[in-house]
Amino acid sequence: QELGVTKILAGINGHTSYGVGFLDNRYNVANPFDGVYSQPYYTEYFAELGFKRHNLSTYFMRLADFKPSPRTIAKIYDEFTFREINLNNLKPGLRLLGELINATLIDTPFFFAKSEAEWYDLFKSLKPIIKNENIIFALKNGREIGYLFWHHNYNQLTDKNKNSALMLISK
């Protein structure tokens, strides 16, 4: 208060686009590579301090269970084309990705738009572990209108006792 701080937001992580919150259940399930993880007492601690709770949800489906109809697939390919990012020319691709992410999430509570330099800083460390196919742009009438950023759950490649892809990446 002496410094003029009037609000504190607890639970922001370093996710590339929108990482907010504390884990509130499923503590017994292995955490994915870029998922939020926190100890059970975190939510109790901030509740006792009088923090207001905002509930957010995450939905999960195994890719093997996702079976869109052939008609749906045909309609998508009739309306859209797709292209991968070019990791050999990273900055223009990340500029576009950042613009799309900022535009998509700008009205989302607790999201803060990032500059081109900030997007580059966030993604450049991922370059050794992703391929062009991990960032896909959707185009309509030749203009990029959407994106998909996906990656493997790198924690599955590490020692189950460590469960940290950071160890793998740093080697």
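Good morning. One caution before we start: the model is predicted.

Let's begin with the whole chain. The chain holds five helices and three strands. Follow the sequence and the order reads α-α-β-α-α-β-β-α. There are 171 residues, and 23% of them count as buried. Now look at contacts with a separation of 6 or more. Of these, 59% are between residues 24 or more positions apart.

Next, helix α3. Find residues 90-105. That is 16 residues. From its first C-alpha to its last, α3 reaches 22 Å, close to the 22 Å expected at 1.5 Å a residue.

Two packed helices are described by the angle between their axes and the distance between the axes. Here, the axes of α3 and α4 come within 9 Å. They cross at roughly 110°. An angle of 65 to 115 degrees counts as roughly perpendicular, so α3 is roughly perpendicular to α4.

Who meets whom? On the α3 side we have Leu-90, Lys-91, Leu-94, Arg-95, Leu-97, Gly-98, Ile-101 and Asn-102. On the α4 side they meet Glu-116, Trp-119, Tyr-120, Phe-123 and Lys-124. By type, the residues of this contact are seven nonpolar, two polar and four charged.

Now the two asparagines, both in loops. Asn-134 is in the loop between α4 and β2. Asn-141 is in the loop between β2 and β3.

Buried or exposed: what is Asn-134? Its relative accessibility is 3%, so Asn-134 counts as buried. The cut-off for buried is under 20%. Leaving out residues up to four places away in sequence, Asn-134 touches Leu-148, Phe-149, Trp-150 and His-151. A polar atom of the Asn-134 side chain also lies 2.6 Å from the backbone nitrogen of Lys-131.

Then Asn-141. At 78% relative accessibility, Asn-141 counts as exposed, because the cut-off there is over 50%. Asn-141 and Glu-79 are 62 residues apart in sequence. In space, C-alpha to C-alpha, they are 8.3 Å apart.

That's my tour. Thank you.

Methods:
Residues are numbered from 1 along each chain as its sequence is written. This is a predicted model: local features need pLDDT of at least 70, side-chain atom pairs count only at pLDDT 80 or more; totals for chains, interfaces and linings use all residues. Side-chain values use heavy atoms; hydrogens and water are left out. Helices (H or I, at least four residues) and strands (E, at least two) are DSSP runs, numbered from the N terminus. The expected span of a helix is 1.5 Å times one less than its number of residues. Axes are lines fitted to C-alpha atoms, for helices over the stretch in contact, and angles run from 0 to 180 degrees between N-to-C directions. Angles under 35 degrees count as roughly parallel, over 145 as roughly antiparallel, 65 to 115 as roughly perpendicular and the rest as oblique. Contact means heavy atoms within 4.5 Å. Ala, Val, Leu, Ile, Met, Phe, Trp, Tyr, Cys and Pro count as nonpolar, Asp, Glu, Lys and Arg as charged, and the others, Gly among them, as polar. Buried means under 20% relative accessible area, exposed over 50%, partly exposed in between (1.4 Å probe, protein chains only). A polar contact is a pair of N or O atoms within 3.5 Å; within protein, one must be able to donate a hydrogen and the other to accept it, and residues adjacent in sequence count only if both atoms are side-chain atoms.
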